[in-house]
Amino acid sequence: FNGTESRTQEELYAEADELGAFNNAFTRKDFTAFMILAPSRTFEQAFALQADMILHSTLPPEKFEKERGIVLEEINQDTSHAYGVVEAAWNRLLWAGTPYEMPILGPKSVIATIPRDKVWDYYKTYYAPNNITLLIIGDFAPENMLELVKREYGDAAPTQIPESKASPQAISASKIEKRYFPDAEPRLYFAVPLQSRGLPLFGLTSYTNVTTNPHYQGTYQATMRSRRNITAVTASKSGTTKAITVAKPEPQPPSNVRVRRTPDPYIVRTVALPLVEKTLKKALEEVAGDEVKLDLSEDSHPKGGFLVGTIDVADEAAGEKLADALPSALAKLREVKVHDDWLARRKRELSADEIKSYDNFLYYGMFKSYDIAAGRWSVVRDWKQEIDEVGARDVLGFLNRLSFRNQVLSMLALPY
């Protein structure tokens, strides 16, 4: 930040130092996160300082060209390494036709020429209270903190946020793209859609029929987990603060069914990931006749996403062979058994990781920013319940659906 309506850049830095505050920020494809860490005795002033920077920055024209140069230098650093160039090419191929195909720093040609007016318009559109989520962690009274939030953000005017149209491309058939790069090590990149075309990435509520007929069992399903739930904080006539959540109505189950809430699909995928990686690795090693170094993860955004992987390969022929084998390797997921003892260990692992993240709440806020930006509020708020709710049939259901994904997009990165 280079200055606000009431503070110069030098005053911002000096005040943060006086308050003993650590101030930082980082940007990802879906969001920019700002953090400020301060002692309890100065947090109120630090909170106000951050709000001033977020809502009332001025982008001083005399500082703009300096910031442009800083970003251009960062782009030069990213593109000076073969790995960064290859990763950028894979990202463009994977998210072609969506804003996600762009690098986080932006294309160099755009950064070099974009006028300040366009940056200012972007700032005034998106840096608005209806597009901001606050995550406050520490030892405080919630009622007092809510009053502080109202004081600093309550008068800010909302804006009309353009609706994102960033649905991932539909992969209708498996294909492999060969791309050549200077000084690149041969590597196979691949992606598998996490949802069928036209179906959401998110979940269902299942209701199991409890009719007295022992020979009949049915299932009633209703879509749930709307991303457009709105939580409003208001005060009643008595002065009591209330939080009201307004949600889209969901279809109600018949009276003779018992509700079983399906776990968050993201949590199910997280639980299942080691089984997917182990199964694919074994199947691909049978094809390669040698050890396969496979790294598997998820690349998803609110509109959809992919299971993505990388494999170091010896040469072009080896890469083509493994790419061709991916659909049959995925089919092996139908043979996987989910044992109760494995599931219990996996859930304990994830619970332990969550608890360990509390040790440094600065990093906790950073990690949770991804879930918040993606609308996974239940994962942030009720993580223990979400993990506990995952059963063997949830994992098997995900594995089975994934096993029929025979549309795999691959990129084989090769040296010149």
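Which side chain does Glu316 meet in a salt bridge? The partner is Lys178, at 2.7 Å from N to O, where a salt bridge is a side-chain nitrogen of Lys or Arg within 4 Å of a carboxyl oxygen of Asp or Glu. Glu316 lies in helix α9 (residues 316-331) and Lys178 in strand β3, so this pair ties together parts that are 138 residues apart in sequence. Helices (H or I, at least four residues) and strands (E, at least two) are DSSP runs, numbered from the N terminus.

The model is predicted: local features need pLDDT of at least 70, side-chain atom pairs count only at pLDDT 80 or more, and totals for chains, interfaces and linings use all residues. Residues are numbered from 1 along each chain as its sequence is written, and side-chain values use heavy atoms, with hydrogens and water left out.

**Overall architecture**

- The protein has 14 helices and 12 strands.
- Of its 416 residues, 37% are buried; buried means under 20% relative accessible area, exposed over 50%, and partly exposed in between (1.4 Å probe, protein chains only).
- Among contacts with a separation of 6 or more, 76% join residues 24 or more positions apart, a contact being heavy atoms within 4.5 Å.
- The accessible surface comes to about 24100 Å², and 52% of this surface belongs to carbon and sulfur atoms. Accessible areas come from the Shrake-Rupley method with a 1.4 Å probe; for residues, only the protein chains shown count as cover.

- Strand β12 (residues 409-415) contains Ser410.
- Because 6 of the 7 residues of β12 are buried, this strand is largely enclosed by the rest of the structure.
- Strand β3 (residues 175-181) pairs with β12 in the parallel sense over 7 bridges; two strands pair if DSSP finds at least two bridges between them. Phe181 has Pro415 of β12 as its bridge partner.
- Strand β4 (residues 187-193) pairs with β12 in the antiparallel sense over 5 bridges, and Leu188 stands opposite Leu412 in β12.
- Ser410 is buried, with a relative accessible area of 2%.

- A search of the whole structure finds 21 salt bridges. In general, side chains of opposite charge can pair when their charged atoms come close.
- In the pair described at the outset, Glu316 is partly exposed at 30% relative accessibility, and Lys178 is partly exposed at 31%.
- Arg376 forms a salt bridge with Asp371, with the closest N and O atoms 2.9 Å apart. Both Arg376 and Asp371 are buried.
- Glu15 and Arg7 meet through their side chains in a salt bridge of 2.8 Å, N to O. Arg7, Glu15 and Asp52 are linked in a network of salt bridges.

**Aromatic pairs**

- The structure holds 13 aromatic pairs. Rings of Phe, Tyr and Trp (its six-membered ring) pair if their centres lie within 6.5 Å; planes under 30 degrees apart count as stacked, over 60 as edge-to-face and the rest as tilted.
- The rings of Phe43 and Phe47 have centres 6.0 Å apart and planes at 40°, so this pair is tilted. Phe43 and Phe47 are 4 residues apart in helix α2, and are therefore separated by about one helical turn.
- Phe43 is buried at 18% relative accessibility, as is Phe47 at 2%.
- For Tyr358 and Tyr364, the ring centres are 5.3 Å apart and the planes stand at 65°, so the pair is edge-to-face. Tyr358 is partly exposed at 39% relative accessibility, whereas Tyr364 is buried at 12%.
- Phe1, Phe34, Trp120, Tyr123 and Tyr127 are linked by ring pairs into a cluster.

**Leu55 in helix α2**

- Leu55 belongs to helix α2 (residues 43-56) and is buried at 10% relative accessibility.
- Beyond its neighbours within four places in sequence, Leu55 is in contact with Tyr123, Tyr127, Ile132, Glu152, Tyr153 and Ala156.
- Leu55 and Thr4 are 51 residues apart in sequence, and their C-alpha atoms are 8.6 Å apart in space.

**Nonpolar surface patch**

- Phe22, Leu37, Leu135, Ile137 and Phe361 make a nonpolar surface patch of about 390 Å². Patches are made of residues with over 30% relative accessible area and no salt bridge: like charges are joined within 9 Å, nonpolar side chains (Val, Leu, Ile, Met, Phe, Trp, Tyr) within 5 Å.
- Phe361 lies in helix α11 (residues 361-373) and is partly exposed, with a relative accessible area of 40%.
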